[in-house]
Amino acid sequence: LHYELNMPILRHHPLFERYAEVNRPMMGRVCHQALSRLMLSRGDVLFNAAEVPHHPAMYFLVSGKMMYMHHEGKSGHFDAGEWASEAVLWVSWAHRGTLVAKLDCLLLVVDAQKFTSI
C-alpha cells in the first residue's frame with residue numbers, strides 16, 4: 001500500500017522512477033521504511049539558509065505552494081511535484097536557502113539515513 005500511495009509522487013524524480021523500474025522490491029522498502037508525510041501551515045519555515053539539518057531529509061511537495069529564497073537573494077516558487085534537498089541523500093549538507101510555505105502544504109519526506117540504509 002505504501003508503494004501505491006507514494007510512487008506517483010516519487011516518480012516526478014528520475015532517480016526514483018529508475019529505481020522503481022529496475023528494483024521494485026527495493027522501492028517498496030523505501031516507500032515503507034523511509035517515507036513520512038509532513039503538513040505545514042502558511043508561513044511555516046521548512047528550513048533556513050545555512051542550517052545543517054539534524055534529521056536530513058529530501059522533500060517532495062504534494063500539495064500547496066512554497067517560496068524558496070536562495071542565500072544570494074534569488075527566489076522562486078516551489079510547486080506541487082517539485083522536490084528540495086536531494087543532496088542530503090548523498091552528502092553532508094547545509095541548506096543554501098530558506099523554504100517557506102505560502103499556502104497550507106503537504107510534503108512527502110524521504111529520511112536520508114533510512115534511505116541510505118536500504
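Modeller: Two strands count as paired if DSSP finds at least two bridges between them. Strands (E, at least two residues) and helices (H or I, at least four residues) are DSSP runs, numbered from the N terminus. This is a predicted model, in which local features need pLDDT of at least 70 and side-chain atom pairs count only at pLDDT 80 or more, while totals for chains, interfaces and linings use all residues. Residues are numbered from 1 along each chain as its sequence is written, and side-chain values use heavy atoms, with hydrogens and water left out.

Colleague: How do you know that β3 and β6 are joined?

Modeller: There are 2 bridges between β3 and β6, and the criterion asks for at least two, so they pair. The two strands run antiparallel, and Tyr59 stands opposite Ala84 in β6.

Colleague: Why is α1 called roughly perpendicular to α3?

Modeller: Helix α1 (residues 2-10) and helix α3 (residues 24-33) pack at an angle of about 95°, with their axes 9 Å apart. Axes are lines fitted to C-alpha atoms, for helices over the stretch in contact, and angles run from 0 to 180 degrees between N-to-C directions. Angles under 35 degrees count as roughly parallel, over 145 as roughly antiparallel, 65 to 115 as roughly perpendicular and the rest as oblique. Therefore α1 is roughly perpendicular to α3.

Colleague: Which residues of α1 and α3 meet?

Modeller: From α1 come His2, Tyr3, Glu4, Asn6, Met7 and Leu10, and from α3 come Arg24, Met27, Gly28, Cys31 and His32. Contact means heavy atoms within 4.5 Å.

Colleague: Why is α1 called oblique to α2?

Modeller: Their axes cross at roughly 135° and come within 9 Å. That angle makes α1 oblique to α2. Tyr3, Met7 and Leu10 of α1 make the contact with Phe16, Glu17 and Ala20 of α2.

Colleague: Which residues touch the most other members of the largest nonpolar core?

Modeller: They are Leu10, Phe16, Met27, Phe60 and Val110, out of 20 residues in that core. A nonpolar core is a set of buried Ala, Val, Leu, Ile, Met, Phe, Trp, Tyr and Cys residues joined through side-chain atoms within 4.5 Å. At least two residues of this core come from each of α1, α2 (14-22), α3, β3 (57-63), β8 (105-111) and α4 (112-117). Another core, of 14 residues, lies apart from it and includes Leu61, Phe78, Ala84 and Ala101.

Colleague: Why is Leu38 called partly exposed?

Modeller: Buried means under 20% relative accessible area, exposed over 50%, and partly exposed in between (1.4 Å probe, protein chains only). Leu38 has 30% relative accessibility, so it counts as partly exposed. Leu38 is found in strand β1 (residues 35-40). Not counting residues up to four places away in sequence, Leu38 touches Leu46, Cys105, Leu106, Leu107 and Val109.

Colleague: What makes β7 mostly covered?

Modeller: In strand β7 (residues 97-101), 5 of its 5 residues are buried. Gly97, Leu99 and Ala101 lie on one side, with Thr98 and Val100 on the other. Strand β4 (residues 65-70) is joined to β7 by 5 bridges, and the two run antiparallel; Tyr68 stands opposite Leu99 in β7.
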